[in-house]
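Q: Hi! I've just opened this one and I'm new to it. Could you walk me through it?

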Amino acid sequence: MICIISISVIVSGLAILLVFLHFSIDKRMLYKNLNNKHVVVTGGSSGIGKAVAIEAVKLGANVTVIGRDIKKLTSVVTEMQGHLINKEQKVQYASLDVTSDYNTIEKCFSDLENKIGTIFMLFNCAGMCICGKFEDMKIDEIKQMIDLNYFGTAYPTKYVLPKMKERNEGIIVFVSTEAALLGIYGYSAYGAAKWAVRGLAESVFMELVGTNVRLTLAFPPDTDTPGFKQEELTKPAETKLISGSGGLHSPSKVGRKMLQDALKGKCYSVFGFSGQLLSLLYCGSIDSVSQVLLQIVTMGFLRAIVVVIMLSFHKIVRDGLSKKKKESSN
Ligand SMILES: NC(=O)C1=CN([C@@H]2O[C@H](COP(=O)(O)OP(=O)(O)OC[C@H]3O[C@@H](n4cnc5c(N)ncnc54)[C@H](OP(=O)(O)O)[C@@H]3O)[C@@H](O)[C@H]2O)C=CC1
Ligand SMILES: CCCCCCCCCCCCCCCC(=O)[C@@H](N)CO
């Protein structure tokens, strides 16, 4: 009897929760194309940002790519011109260091809008990783990680956000990393900056409730870009092993998934098995009833699995330590 009563209490509680969620979660926006829309991609001259920019051109957008090196920028503009789908479409570049002070960012973005129109979508892809244990990092590298990855995202966002809210339309994408779902050896200064990006996003999510402006927070795994090749040169062996367990993915696939998720109005954009697993467990988003249900049903079980995975990562670190101890005593 008690059993039947408790089961029916749980079932009806769940039903009430589902109905509540159905009516309380903001409906997702859905865009199928980007015709006549201005899309700005910081870091659009290489890697993931370049892939996003080309994908946006294929969807009919007017695209601006931002970076520092003019050679790389002009070559991407030429590449984008090869993918235009209509005659009115415009593509351009702007040379800007996103770690500049806010006034410089504001001036550049306002010029961009004067040239090809109000910004509908901002992709913050400019960023980089200097790997190393925290105690081995140079002081200016620690600062550089925050200046580029955090302020390089926060300032352009500060410019577009109030205008988007005023128009009640627009999409912003933050590019974080899987290393901002789970702290990882060797991604200390970099990871902290990307956690800051995530922290900003998760507050802004709530500040956007009830509006038609959307923010997508992307958590890419290792992606085979020029930036990735550069970071591999100084990456600790432990970091390579741990980070590599999520696989190495192509920038075009990662960029396309990110753009599609953003057009669907998703809060989180993850890639591959590791992204699904980590975002299920270390979740801060409420995207849909089915997502919440899946989290509730699988959380305990998946937590157990990830504890084992994390312990295996600890073992990699310990093994690395004893290997180094042995080497130094020889
Ligand atoms: N590749 C990977 O494994 C992963 C990457 N990420 C993140 O994805 C984003 C893109 O990375 P990825 O494609 O690998 O990097 P790339 O190094 O290939 O491209 C970086 C882009 O950012 C631009 N950029 C760098 N510094 C500045 C600056 N100060 N001002 C303006 N533009 C700048 C670069 O142009 P220029 O140098 O000319 O300025 C380039 O266009 C980064 O935020 C990165 O942290 C996240 C997870 C995994
Ligand atoms: C069967 C295996 C399951 C594994 C589950 C857990 C996997 C954790 C992987 C963490 C990957 C972190 C990638 C960071 C990429 C990044 O930001 C840098 N490349 C910087 O550019």
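A: Happy to! One term to begin with: helices (H or I, at least four residues) and strands (E, at least two) are DSSP runs, numbered from the N terminus. With that in hand, Asn36 is found in the loop between helix H1 and strand E1 (38-42).

Q: Before we go on, what kind of model is this, and how are things numbered?

A: This is a predicted model, where local features need pLDDT of at least 70, side-chain atom pairs count only at pLDDT 80 or more, and totals for chains, interfaces and linings use all residues. Residues are numbered from 1 along each chain as its sequence is written, while chains are lettered from A and ligands numbered from 1 in the order in which they are written.

Q: What does the protein chain average for pLDDT?

A: The average is 93, and 97% of the residues score at least 70. Here pLDDT is the predictor's confidence in each residue, from 0 to 100. The model also has an ipTM of 0.98 and a pTM of 0.91.

Q: Back to Asn36: what is its phi?

A: Asn36 has a positive phi of about 65° although it is not a glycine. Asn168 has a positive phi too, about 55°, and is not a glycine either. Asn168 is found in the loop between H5 and E5.

Q: Are those two buried or exposed?

A: A residue is buried if 20 or more other C-beta atoms lie within 10 Å of its own, exposed if 12 or fewer, and partly exposed in between, with C-beta atoms placed from the backbone. Asn36 counts as partly exposed because it has 14 C-beta neighbours inside 10 Å. Asn168 has 10 C-beta neighbours inside 10 Å, so it counts as exposed.

Q: Now the big picture: how many helices and strands are there in the protein chain?

A: The protein chain has 11 helices and seven strands. Its radius of gyration is 22 Å, close to the 20 Å that the globule rule gives for 330 residues, so the chain is as compact as a globular protein of that length. That radius is taken over C-alpha atoms, and the globule rule is 2.2 Å times the number of residues to the power 0.38. Along the principal axes, the C-alpha atoms fill a box of roughly 70 × 65 × 35 Å. Buried residues make up 39% of the 330 residues.

Q: What's around ligand 1?

A: There are 30 residues around ligand 1, and Gly43, Gly47, Asp69, Gly127 and Gly227 come nearest. A residue is near a molecule or strand if its C-beta atom, placed from the backbone, lies within 6 Å of it. Helix H2 (47-58), strand E2 (62-67) and helix H7 (226-232) are the elements that give two or more residues to this shell.

Q: And how does that shell divide by class?

A: It has 12 nonpolar, 13 polar and five charged residues. Ala, Val, Leu, Ile, Met, Phe, Trp, Tyr, Cys and Pro count as nonpolar, Asp, Glu, Lys and Arg as charged, and the others, Gly among them, as polar.

Q: Which residues come nearest to ligand 2?

A: Of the 17 residues around ligand 2, those are Cys129, Thr177, Glu178, Gly246 and Ser274. H7 and helix H10 (272-281) each give two or more residues to the shell, and H10 supplies the largest share, three residues. By class, the shell around ligand 2 has nine nonpolar, five polar and three charged residues.

Q: Which residues of H10 are buried?

A: Those are Ser274, Gly275, Leu277, Leu278 and Ser279. What covers them includes E6, strand E7 (268-270) and H11.

Q: One more spot: which residues is Met121 in contact with?

A: Leaving aside its neighbours within four places in sequence, Met121 is in contact with Lys37, Val39, Gly170 and Ile171. Two residues are in contact if their C-beta atoms, placed from the backbone, lie within 7 Å. Met121 is found in strand E4 (residues 119-124). Met121 counts as buried because 26 other C-beta atoms lie within 10 Å. The C-alpha atoms of Met121 and Ile171 are separated by 4.7 Å, though these residues are 50 apart along the chain.
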